[in-house]
Each structure stands twice: as C-alpha cells, then as structure tokens.
Amino acid sequence: RRDRAVRMQAFVLILFVCWFTFSIRCQECHVFDSSSINEENHWGVSQSVAENRLLQMVYDNVACTGGDCVLLKFLYVKGVLSSFPSKSRKEWFENIMNPAQCESDEIIKQFSEAKERLKSIVAPDGDITANEIPEDVQTFDQALHKLQDWQDLESDEIHIFHLHDDKVQGRDVLVQRVQRSGLCYLHAPAVLSHYLVSRNNFTEPSTMINIALHVAGSFDGRALSEHIFGDRGDSSIRLLNVFLTPASNYQVWNIEDIEIRTFKLHGPALISGFEVFDDFMSDDKLHYEGLPRGKSLGFHAMVLIGMKTKPVRTFLIQNWWPRKQFISITEEYLIATKPTIYFVTTPQTSIPACFPTYSFRYAESVLLDRPERLLEEKHE
C-alpha cells in the first residue's frame with residue numbers, strides 16, 4: 001500500500017510537471033481557463049467532457065504557439081484521434097501544427113492543407129458571408145445569358161424555382177454558395193433546406209445553415225478525423241435528413257417521372273450521388289447533353305431547381321463552383337450520371353433551432369469541401 005501511494009504521488013508530480021511545462025510553452029493558449037474551453041460554446045462539448053479530454057492534451061505535451069493553440073485545443077476537446085496511442089497522436093498533431101517539419105514535400109502539402117481545413121472549421125464566425133455576390137462568382141443572370149434555351153421565362157414549358165414557384169414569387173429567396181475546389185456533399189443540403197423553408201415560412205427572414213459552425217459543433221471526433229485528415233466525405237441525403245424538421249419524409253423520384261407539377265408540389269430537390277466525369281469540370285461549359293465523356297472523378301451533390309420540357313426534357317441545376325453556379329443538363333446526360341433524386345414531401349416551416357444560421361444571400365466555406373459518399377459506402 002505504501003508503494004502504491006508513492007507511485008500515485010509520483011504520477012501526480014509528473015502530471016504537474018507536464019502541465020507546468022506546457023503552460024510555459026503555450027502561454028497564449030489558456031487551455032486551463034474554464035471560460036475558454038468551448039470557444040463561445042459552438043464546439044458542442046460539455047465543460048466536464050472538455051476538461052477530461054484536455055488531460056490527454058497535457059499528457060501528450062504537444063507544442064504550439066499563438067493561434068495554433070486554439071486549433072490544438074479544438075482537436076483534443078472534440079476527441080480527434082483520441083483512440084490513437086499517445087505517441088502516434090502527438091506525432092500527427094505536431095505535424096499539423098508545424099507542417100514544414102515533415103519529411104517530404106508530399107506530406108508537407110497534406111498536413112498544410114489539413115491545417116488550413118482545421119482553421120476554417122475553428123473560425124469563430126464560420127462561413128464567409130455577404131449580401132452581394134463576389135465579382136469572381138457567376139450570378140444567375142450571367143448564367144442565364146449563356147443558356148439561351150432558358151430565356152423564355154414566360155413559357156409554360158419552363159419552371160425555375162425562385163422565379164415561378166407560387167409560394168416564393170415576389171420574395172428574393174435565391175442564395176448562392178461557393179466551394180473553391182473539388183467535389184462536395186455539404187452545400188446542397190444547406191441550400192435545399194433554405195429553399196424548402198422559404199416556401200412555407202412567409203413571416204421570418206429566410207435563413208441558411210452555417211456549415212462551418214455546424215461541422216465544428218456537430219461532428220464527432222471520428223467524423224472530424226476523416227474530414228480534416230482524409231479525403232472522404234459523407235452522404236448528402238443523410239445530412240439533409242439531419243437538417244430537416246423531425247419525422248420529415250422524402251421520396252426518391254425517377255428522373256423520367258419528374259414533371260413541372262412535381263416542382264410546384266414539392267419545390268426543388270436534392271441531387272445525390274451525381275457521378276462527375278472529366279467533361280463536367282470545364283468552367284466555360286454550362287450545358288450538357290448526350291453522354292458524359294472522360295474518366296469518372298467521384299460523386300457530387302447539387303440542387304435541382306427547375307426544368308423545361310421542350311425541345312427536349314432538360315433540368316436546371318444549382319452547383320457550387322465559382323464560374324459554374326447554374327448548369328443545364330438534358331435528361332439523357334443526367335440519367336447517365338446515375339444520381340438519386342430526392343423530393344422532400346413534408347412541408348418545412350423552419351430550420352431546427354439547434355443549427356447555427358444566418359440571413360445572407362452568399363456564403364463560402366473555405367476548404368471544407370469533401371466528396372459525396374454513397375449511402376452504401378457508410379457500411380464499409
């Protein structure tokens with residue numbers, strides 16, 4: 001018993017030395033200041049859990065300086081790599097704090113990108129927002145100018161959500177989101193939930209979910225590990241289901257069965273699991289017909305906002321790339337990309353209060369892009 005007491009005293013002494021050393025090396029971090037553990041409460045972790053997880057941070061003794069200490073604190077508080085052995089976790093976190101110390105240019109690049117992604121998640125305001133569309137981002141009018149076949153807006157053969165839906169006419173409900181690179185599953189559910197609520201809520205300003213704050217607050221350690229260090233996203237329909245009011249229903253629609261009346265009944269739809277090919281990556285091309293060309297690059301999620309029935313059935317799709325925000329795709333091409341089309345059949349009157357939102361017409365999530373993952377991949 002005496003030996004056990006001595007060992008316990010020694011362990012407490014070691015913890016104190018680690019804490020003191022870390023406090024010296026990270027004076028700006030304030031990780032033991034209980035008022036700053038959850039950074040304005042948008043990290044979604046209770047005080048007691050955060051404090052327990054920060055003990056792991058003390059034990060690992062990873063060095064940081066300045067603003068990097070907030071990044072490091074976030075990783076520990078959220079339980080990122082918490083199942084790793086201390087030595088391995090410390091090595092990973094030291095690399096993300098200081099990518100330049102890595103052994104090869106490729107690894108330096110990987111950890112530099114991971115650090116920038118982490119900075120975007122931890123940013124206190126979340127998404128970059130504005131009420132004006134930036135000059136380098138395509139507006140709807142600019143897209144329509146290029147899409148000559150969509151300009152007869154008075155035709156009964158054309159339906160575009162924000163222009164023709166009886167429930168939103170007269171209100172400026174169109175929003176745009178931008179991702180600067182790659183494929184992504186995040187933007188479509190956020191934009192679609194905004195549109196669906198705008199159809200049924202006429203009294204409150206239309207809001208949109210702040211994706212960066214949602215990721216920071218709602219993603220657990222495992223999801224954050226994949227998002228920060230990996231290149232795998234998630235399923236857009238799974239995320240949309242989270243954003244909808246509880247017990248909401250949605251229905252898969254065959255592309256051949258979609259009609260203008262479908263939009264009039266249910267509003268826009270989610271395009272999930274859209275397979276992207278080489279030809280789709282061209283910034284200067286906004287209309288696609290025939291069959292996709294080139295190699296498959298992965299999966300993407302977008303919002304189906306309209307259609308026209310003549311001369312051929314063609315769909316208008318909202319995308320997230322700066323110069324490719326709105327795209328015209330014939331039925332033949334869309335079918336060939338093998339997406340799943342979801343129409344939400346339960347009216348949405350508000351975004352659940354648990355989600356951080358804002359009322360801006362433009363938003364950008366820096367470096368949060370991750371490709372669509374098909375639902376069946378979740379079980380791998």
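This is a predicted model: local features need pLDDT of at least 70, side-chain atom pairs count only at pLDDT 80 or more; totals for chains, interfaces and linings use all residues.
Q: Why is Arg177 called buried?
A: The cut-off for that label is under 20% relative accessible area, and Arg177 counts as buried because its relative accessibility is 0%.

Q: What makes the pair Arg177 and Asp127 a salt bridge?
A: A salt bridge requires a side-chain nitrogen of Lys or Arg within 4 Å of a carboxyl oxygen of Asp or Glu, and the closest N and O atoms of Arg177 and Asp127 are 2.9 Å apart. The pair links distant parts of the chain, with Arg177 in strand 3 and Asp127 in the loop between helix 5 (105-122) and strand 1, 50 residues apart. Asp127 has a relative accessible area of 5% and is therefore buried.

Q: Why is the pair of Arg199 and Asp165 said to tie together separate parts of the sequence?
A: The side chains of Arg199 and Asp165 meet in a salt bridge, with 2.8 Å from N to O. Arg199 lies in the loop between helix 8 (187-198) and strand 4 (208-209), whereas Asp165 lies in the loop between helix 7 (161-164) and strand 3, so the pair ties together parts that are 34 residues apart in sequence. Arg199 is buried at 4% relative accessibility, and Asp165 is buried with a relative accessible area of 3%.

Q: Which label, buried or exposed, belongs to Glu275, and which belongs to Lys338?
A: Glu275 forms a salt bridge with Lys338, the closest N and O atoms being 3.5 Å apart. With under 20% as the limit for buried and over 50% for exposed, Glu275 counts as buried at 12% relative accessibility, while Lys338 counts as exposed at 59%.

Q: Why is Lys78 described as having no salt bridge?
A: A salt bridge needs the nitrogen and oxygen atoms within 4 Å, but the nearest side chain of opposite charge to Lys78, that of Asp220, is 7.9 Å away. Leaving aside residues up to four places away in sequence, Lys78 touches several residues, including Trp43, Arg53, Phe219 and Asp220.

Q: What makes strand 1 and strand 3 edge strands?
A: The open sheet of three strands has the order 1-13-3, with mixed pairing. Strand 1 (128-130) and strand 3 (176-178) each pair on one side only, and they are the edge strands.

Q: How do you know that strand 3 pairs with strand 13?
A: Pairing calls for at least two bridges, and three bridges join strand 3 to strand 13 (residues 362-364), which run parallel; among the residues involved, Gln176 has Tyr362 as its bridge partner in strand 13.

Terms used: Residues are numbered from 1 along each chain as its sequence is written. Side-chain values use heavy atoms; hydrogens and water are left out. Helices (H or I, at least four residues) and strands (E, at least two) are DSSP runs, numbered from the N terminus. Buried means under 20% relative accessible area, exposed over 50%, partly exposed in between (1.4 Å probe, protein chains only). Lys and Arg count as positive and Asp and Glu as negative; His and the chain ends are not counted. Contact means heavy atoms within 4.5 Å.
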